[in-house]
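Colleague: I would like to work through this model one feature at a time. Could you give the general idea first and then the case at hand?

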Amino acid sequence: MTKIFNDPSDFASDMLSGFARAFPGFVQRVPGGVVRATQATPGKVAVVVGGGSGHYPAFAGWVGPGLADAAVVGDVFSSPSTQQVVAVATAADAGAGVVLSYGNYAGDVLNFEAARTQLTEDGIPVRSVVVSDDLASAPRDERSLRRGTAGDLVVVKIAGAAAEAGYDLEGVVRVAERTNAGTVSLGIAFEGPTPPGSRGPLFTVRDGRMGVGLGIHGEPGVSEEPLLGARELAGLLVGRVLAERPDGARRATVLLNGMGATKYEELFVLWNEVVPTLEAEGVEIVEPEVGELITSLDMAGLSLTITWLDDELEALWGAPAQSPAYRKGPAEAAPLTPRPVPEVAERAIPESSEASRRVAKLVHAAFETAAAALAEAEPELGELDSVAGNGDHGRVMARGARAAAAAARRAVEAGAGTATTLLFAADAWSDRAGGSSGALWGAGLRAAARVLSDTDPPANAVQAACRSALDAVTAYGNARVGDKTVVDAFLPFTESLEADLAAELPLGPAWVNASAVAARAAEATASLSPRLGRARPLAARSLGHRDPGAVSFAVVVTAIAEHVA
């Protein structure tokens, strides 16, 4: 259990500050993460890695010569926000472009890809390499659906070595993608992790059993199997990772990774069985790694990763590197050269009308009410999310709503109109919540703001804002009705609202009716099987349980009905 923290919601920020103070020769804190403490060589490709907290040494521990140039760090088991990725990548850019590397999780994909678009528009060439090595989360012919696990380290190490050697942007991407294509992992769990402030682990495993196919965000295994001795466990792991061995492949690096609570001594016992099992299959092991490489807080478990190498990849894997948590060869850290932290310019407040400022006050009040409702629903939402996810949905929704309410209050106090107030709230929700929920709610609220005005409110403003928000969420998350997501409640809500308003029902009653429709639709998601997002690999567990995203949407629209009226 995680025991040392102040406010659980500040755990990631406090951790990152302490990390930067512990390793000032390697890293410097910037908004959203850390960058190398030394000035980058002009013209060098910047490799930026990232993901949620709770995985140390991933991801900040991999920042240093021969590895990553920067790391974006989100909250515990939650992807960084788009704003965080943009800030860190901008600080790391040395004029030759940026490679973003991250695990294949819905929230990370949404936020990193949105950041890539924004950075490209700002004139910084950016490419993404999405790590997808977890063989338990999708079959081989659906590789693009697989999660990223310990393969992150191999991809970042090889990409970082290529960038250090002077490869151009396309060259770094080429070797990183080839590395990912040749990497597979399988994880075993004995007990789930306990995030700061949680009452207990995210999942438990029955005595004498083990979860096979875990996720690094505290997701349980996709199946339970009898607990095995070291020799038999080595046989299971090796057999499954070698099942996808390319024809003729012999040389590989191998990682045996502890998830946080499994002791090094246990890993060495298992490694003693893994090596002869691999060698018996004709595998030539190249510079292996055994230890805590990418963790899940205090999860009891481990994973085995194999990456098939050719001459080029082997040379890059063996190249020198030095970081707070990973060192290889004779590399030395360059002398400390602090980077200036860029100042964030305050957003200007456009002119607004008296009527728009009055509505902005209602918008602020609605966010305050939504934040209170989500705080009350937080335990229920967390429990729903823990069925097939990591149990953080209630926490991130409440956190995002509180940030949105605070941002709306500041906007109103500065004299902002409706559209600007909503934009302030949207950006704050996205940035503070992080993850897929933060990205989707931020996108929806921003789309709603764009059809509103700071001067004269357009006709059918609420109806148009809801439809625009729905379109943005649907396009951004690529979700449809039946996928078991927030869209399953959002679409019926919007259609009900539009129908009642077309029948000339006043807005207040129409909103109440639509909220009831959303609540019923959220209840109906219990019969659905998730086809997108983090819950997809554990779809069978989700059957019979409501989707937390749909439920939280219903909570929000029901709570704010008084302000809409």
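Colleague: At roughly what angle do the axes of helix α11 and helix α12 cross, and how close do they come?

Modeller: This is a predicted model. The axes of α11 (residues 418–433) and α12 (residues 435–450) come within 7 Å and cross at roughly 170°. An angle over 145 degrees counts as roughly antiparallel, so α11 is roughly antiparallel to α12.

Colleague: Which residues make the contact?

Modeller: The general idea is that an α-helix has 3.6 residues a turn, so residues three or four places apart point the same way. In this case, α11 contributes A419, L422, L423, A426, D427, W429, S430 and A433. From α12 come G435, S437, G438, A439, W441, G442, L445, R446, A448 and A449.

Colleague: How do helix α15 and helix α17 cross?

Modeller: The axes of α15 (residues 507–524) and α17 (residues 548–559) come within 9 Å, with a crossing angle of roughly 160°. That makes α15 roughly antiparallel to α17. The crossing in which α15 passes α17 is left-handed. On the α15 side the contact is made by W511, S515, A518, A519 and A522. On the α17 side it is made by A550, V551, F553, A554, V557 and T558.

Colleague: Now the sheets. In what order do the 6 strands of the open sheet lie?

Modeller: The order is β1-β2-β4-β3-β5-β6, with mixed pairing. β1 (27–30) and β6 are the edge strands, each pairing on one side only. On average, neighbouring strands of this sheet are turned by 25° against each other, direction ignored. Within the sheet, β3 and β4 run parallel and are joined by 5 bridges. V49 stands opposite A71 in β4.

Colleague: Which strands does helix α2 touch?

Modeller: Helix α2 (residues 82–92) packs on the sheet and touches β1, β2 (33–36), β3, β4 and β5 (98–103). Its direction makes about 160° with that of β4. Of the 11 residues of α2, 8 are buried, and the helix is mostly covered. The buried ones are T82, Q84, V85, V86, V88, A89, A91 and A92.

Colleague: Is A87 buried, exposed or partly exposed?

Modeller: A87 lies in α2. Its relative accessible area is 28%. Buried means under 20% and exposed over 50%, so A87 is partly exposed. A87 and V30 are 57 residues apart in sequence, yet their C-alpha atoms are 7.8 Å apart in space.

Colleague: How should I read strand β7?

Modeller: Start with burial. 7 of the 9 residues of β7 (residues 183–191) are buried, so the strand is largely enclosed by the rest of the structure. Then look at its pairing. With strand β13 (residues 300–308), β7 pairs in the antiparallel sense over 8 bridges, and the partner of E191 in β13 is A300. β7 also runs antiparallel to strand β8 (residues 209–212), to which 2 bridges join it. There A189 stands opposite G211.

Colleague: What surrounds V254?

Modeller: V254 is in strand β10 (residues 251–258). V254 is buried, with a relative accessible area of 0%. Leaving out residues up to four places away in sequence, V254 touches W271, L278, I285, P288, E289, L304, T305 and I306. V254 and A559 are 305 residues apart along the chain, and their C-alpha atoms are separated by 52 Å.

Colleague: Last, the cores. Which residues of the largest nonpolar core touch the most other members?

Modeller: In soluble globular proteins, nonpolar side chains tend to be buried together. Here the largest nonpolar core has 60 residues, of which V34, W62, I158 and V172 touch the most other members. At least two residues each come from α1 (11–22), β3 (46–53), β4 (70–76), β6 (126–131), α4 (151–164), α5 (169–181) and α8 (311–317). α4 supplies the largest share, 9 residues.

Colleague: What is I158 in contact with?

Modeller: Leaving aside neighbours within four places in sequence, I158 is in contact with V175, T179, L309, L313, L316 and W317. Apart from this core lies another, of 55 residues, including A408, L422, L440 and I560.

Notes:
Residues numbered from 1 in each chain as written. Predicted model: local features only at pLDDT ≥ 70, side-chain atom pairs only at ≥ 80, totals over all residues. Heavy atoms only, no water. Buried < 20%, exposed > 50% of the residue type's maximum accessible area, 1.4 Å probe, protein only. Helix = DSSP H or I, 4+ residues; strand = E, 2+ residues; numbered from the N terminus. Pairing = 2+ DSSP bridges. Core = buried A, V, L, I, M, F, W, Y, C linked by side-chain atoms within 4.5 Å. Contact = heavy atoms within 4.5 Å. Axes fitted to C-alpha atoms, helices over the stretch in contact; angles between N-to-C directions. Parallel < 35°, antiparallel > 145°, perpendicular 65-115°, else oblique. Left-handed = near helix turned anticlockwise from the far one by under 90°.
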